[in-house]
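I opened my notebook today to look up how one protein chain is put together. Come along and keep the picture in view while I write.

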Amino acid sequence: NYNYNYNGDKRRVRNPKIAEIISSALSTYPPKNDNTNQSKQSDCEEEDDKKDKEDFGRKKKGGIMIDEKSLIEIWKQLQTVPNILTLSRIFGTPLLSYCILHHMYTEALVGCFLAAGTDFLDGHVARQYPETQATVLGTYLDPMADKILINALAVSLCLDTMLPPSLVALWVLKDVGLIVTCYRAVSNQTTDGAAIMDPLRTQLKVTPTTISKINTFLQFTTVSLALLQPAILSSDLHTLSALLPPPQILDYLCW
């Protein structure tokens with residue numbers, strides 16, 4: 001038996017000529033450099049770690065990066081009955097604003113009552129069937145839909161000189177401040193860089209307070225009263241004008 005050695009790799013063969021041929025062949029290859037390989041491997045690991053940290057930083061700061069699994073879950077939750085009703089309220093808001101700006105007050109008033117009906121119905125369904133119809137996404141969408149509807153109608157009525165600009169500006173600024181504050185609060189409590197409203201990783205629910213519900217009711221009542229008088233006077237229901245509340249009530253609600 002004859003030995004040959006190449007960079008610490010010891011082998012044993014029986015034929016000396018074969019050992020000589022193997023040794024000469026191995027000598028033509030460059031020696032292994034473990035330090036270089038380890039250095040390259042460490043550099044690659046550092047680059048991967050740096051990239052992961054950058055991705056995590058973008059997720060943590062932006063809070064909008066959602067993976068495919070989360071998108072599937074969002075789409076699944078959007079197909080529940082309460083969320084479909086909520087989306088119909090959001091998508092119907094531009095139509096109601098169009099009716100107000102084009103003096104179609106009766107249609108706008110009917111649309112407001114339909115929107116109020118969907119608001120009641122989606123909450124009722126979610127409470128009756130919490131296991132299948134109550135979703136994390138719905139706790140965000142429902143108050144958002146209310147704010148979009150009320151502020152869009154208020155701005156339209158303001159442009160039509162039926163609500164004071166100072167009141168409408170107060171409403172818009174208040175709701176913008178609430179949305180920003182809510183976003184920052186949820187973002188600070190969201191772990192592992194999960195996206196805001198990600199139903200798989202962000203299990204935080206937005207629950208409106210009693211004061212918020214009363215405020216929303218008063219806002220909707222103000223918008224409805226502002227539409228009621230022109231809707232009756234512009235239609236064939238002039239006989240109902242005697243049932244209209246005095247204008248002072250709308251002034252009180254605005255204050």
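Below are my entries, going from the whole chain to a few side chains.

**Entry 1: the overall layout.** I began by noting that this is a predicted model. Then I looked up the secondary structure and found nine helices and two strands in the protein chain. Following the sequence, I read the pattern as β-β-α-α-α-α-α-α-α-α-α.

Entry 2: The protein chain has 255 residues, and 32% of them count as buried. I also looked up its accessible surface, which is about 17,100 Å², with 62% belonging to carbon and sulfur atoms. Next came the contacts between residues at least 6 apart in sequence: 67% of these join residues at least 24 apart.

**Entry 3: two packed helices.** At what angle do helix α4 and helix α6 pack? I found about 5° between α4 (residues 81-101) and α6 (residues 136-159), with the axes 9 Å apart. Angles under 35 degrees count as roughly parallel, so α4 is roughly parallel to α6. I then listed who makes the contact: from α4 the residues include L87, R89, I90 and L96, and from α6 they include L141, D142, D146 and L149. Sorted by class, the contact of α4 with α6 has 13 nonpolar, six polar and three charged residues.

**Entry 4: salt bridges.** A reminder to myself: side chains of opposite charge can pair when their charged atoms come close. My count of salt bridges came to six.

I started with D142 and R89, whose closest N and O atoms are 2.9 Å apart. This pair links distant parts of the chain, as D142 sits in helix α6 and R89 in helix α4, 53 residues apart. Is D142 buried or partly exposed? D142 counts as partly exposed because its relative accessibility is 22%, and the cut-off for buried is under 20%. R89, at a relative accessible area of 3%, is buried.

R89 also forms a salt bridge with D146, and here the closest N and O atoms are 3.3 Å apart. Again distant parts of the chain are linked, with R89 in helix α4 and D146 in helix α6, 57 residues apart. Both R89 and D146 are buried.

**Entry 5: one more pair.** K174 and D175 meet through their side chains in a salt bridge of 2.7 Å, N to O. K174 is partly exposed, with a relative accessible area of 29%, whereas D175 counts as buried at 3% relative accessibility.

Terms used
Residues are numbered from 1 along each chain as its sequence is written. This is a predicted model: local features need pLDDT of at least 70, side-chain atom pairs count only at pLDDT 80 or more; totals for chains, interfaces and linings use all residues. Side-chain values use heavy atoms; hydrogens and water are left out. Helices (H or I, at least four residues) and strands (E, at least two) are DSSP runs, numbered from the N terminus. Buried means under 20% relative accessible area, exposed over 50%, partly exposed in between (1.4 Å probe, protein chains only). Contact means heavy atoms within 4.5 Å. Accessible areas come from the Shrake-Rupley method with a 1.4 Å probe; for residues, only the protein chains shown count as cover. Axes are lines fitted to C-alpha atoms, for helices over the stretch in contact, and angles run from 0 to 180 degrees between N-to-C directions. Angles under 35 degrees count as roughly parallel, over 145 as roughly antiparallel, 65 to 115 as roughly perpendicular and the rest as oblique. Ala, Val, Leu, Ile, Met, Phe, Trp, Tyr, Cys and Pro count as nonpolar, Asp, Glu, Lys and Arg as charged, and the others, Gly among them, as polar. A salt bridge is a side-chain nitrogen of Lys or Arg within 4 Å of a carboxyl oxygen of Asp or Glu.
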